[in-house]
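This report concerns the packing, the strand arrangement and the charged pairs of one protein model. The sequence and structure are shown first.

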Amino acid sequence: MIKSICILLAIAAYYDYKIWQMDVKTAFLNGHFQEEIYMDQPEGFISKHEDKKVCKLQRSIYGLKQALRSWNMCFDEAVKGYDFRQNEDEPCVYKKNSGSAVVFLVLFIDDILMFGNDIGMLTSVKLWLSKTFSMKDLGARKIPNGTFQEGFSASKDHVKVPQKDKGYVPSLRNPELLVEGYTDSYFEYDVDDRKSTFGYVFTLNGGAFSWRYCK
């Protein structure tokens, strides 16, 4: 979920974690099936004298309903075998730690974000991923507050805040991670249909990670 990434970005900024990003090439081709699946022979590649036959798939391919699920199961099995632990509430977030060193790994379809406080551990995880799957190091990544370079530290010191607004940015004052929630409603706000409005926002050290507005 996007809110999980927002939460980890806020945590990374607070603890001065490094943030790296990688992409899995042809991710869906890594999956294996639990059931038998057949397909028509592709047009233009029909075997001579065997045009009545179909193909039995040995691996996942793009376009199948099962492709995303089979890739996710393949990735899950691999990272757990490398001592990552899966988050119970967010299945695509994993954590690995050794002493004070920690790495969070986030899978978003075929993109991987790594958050961590130890360059050596991050490097070893990246090398392992590259050996396990065909990977591409995406390097710089643009975000609303700037651009992440390779090994960039997401620190609150990088946030530029106008002098007049500094009193309204909780992340510049909080001594610890702080979750805050705000909600408001307006009864029969719309004069035409007499419908009410409602909204809420939750922030982690000033960074919004969950919000909703409805009528």
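The model is predicted, so local features need pLDDT of at least 70 and side-chain atom pairs count only at pLDDT 80 or more, while totals for chains, interfaces and linings use all residues. Residues are numbered from 1 along each chain as its sequence is written, and side-chain values use heavy atoms, with hydrogens and water left out.

**Nonpolar cores**

In soluble globular proteins, nonpolar side chains tend to be buried together. A nonpolar core is here a set of buried Ala, Val, Leu, Ile, Met, Phe, Trp, Tyr and Cys residues joined through side-chain atoms within 4.5 Å. Buried denotes under 20% relative accessible area, exposed over 50%, and partly exposed the range in between, with a 1.4 Å probe and protein chains only.

The largest nonpolar core has 26 residues, and the members that touch the most others are Trp-71, Phe-75, Leu-105, Ile-112, Met-114, Leu-129 and Phe-133. Two or more residues each are given to this core by strand S1 (18-24), helix H2 (67-81), strand S6 (101-108), strand S7 (111-116) and helix H3 (119-132). Helices (H or I, at least four residues) and strands (E, at least two) are DSSP runs, numbered from the N terminus. H2 supplies the largest share of the core, six residues.

Contact means heavy atoms within 4.5 Å. Not counting residues up to four places away in sequence, Ile-112 touches Trp-20, Gln-21, Met-22, Val-24, Phe-75, Leu-105, Val-106, Leu-107, Leu-129 and Met-135. Another core, of 15 residues, lies apart from the largest one and includes Ala-12, Val-93, Val-106 and Leu-204.

**The sheet**

Six strands form an open sheet in the order S4-S5-S6-S7-S1-S8, with antiparallel pairing; two strands pair if DSSP finds at least two bridges between them. Strand S4 (85-86) and strand S8 (135-137) stand at the edges with a single partner strand each, so one side of each is left without a neighbour in the sheet. Between S6 and S7 the antiparallel pairing runs over six bridges. Phe-104 has Phe-115, in S7, as its bridge partner.

**Salt bridges**

Side chains of opposite charge can pair when their charged atoms come close. A salt bridge is a side-chain nitrogen of Lys or Arg within 4 Å of a carboxyl oxygen of Asp or Glu. The structure holds four salt bridges, among them the following.

| Pair | N to O distance |
|---|---|
| Glu-50 and Lys-53 | 3.5 Å |
| Asp-76 and Lys-80 | 3.2 Å |
| Lys-96 and Asp-83 | 4.0 Å |

Lys-96 is buried at 15% relative accessible area, whereas Asp-83 is exposed at 56%.

Asp-76 and Lys-80 both lie in helix H2, four residues apart, about one turn of the helix. Asp-76 is buried at 16% relative accessibility, and Lys-80 is partly exposed at 38%. Glu-50 is partly exposed at 33%.

**Surroundings of Lys-96**

Strand S5 spans residues 93-98 and contains Lys-96. A polar atom of the Lys-96 side chain lies 3.0 Å from the backbone oxygen of Tyr-82. Leaving aside neighbours within four places in sequence, Lys-96 is in contact with Tyr-82, Asp-83, Phe-84, Ala-101, Val-102, Val-103, Met-121 and Val-125.

Methods:
Polar contact = N/O pair within 3.5 Å; in protein donor to acceptor, adjacent residues only side chain to side chain.
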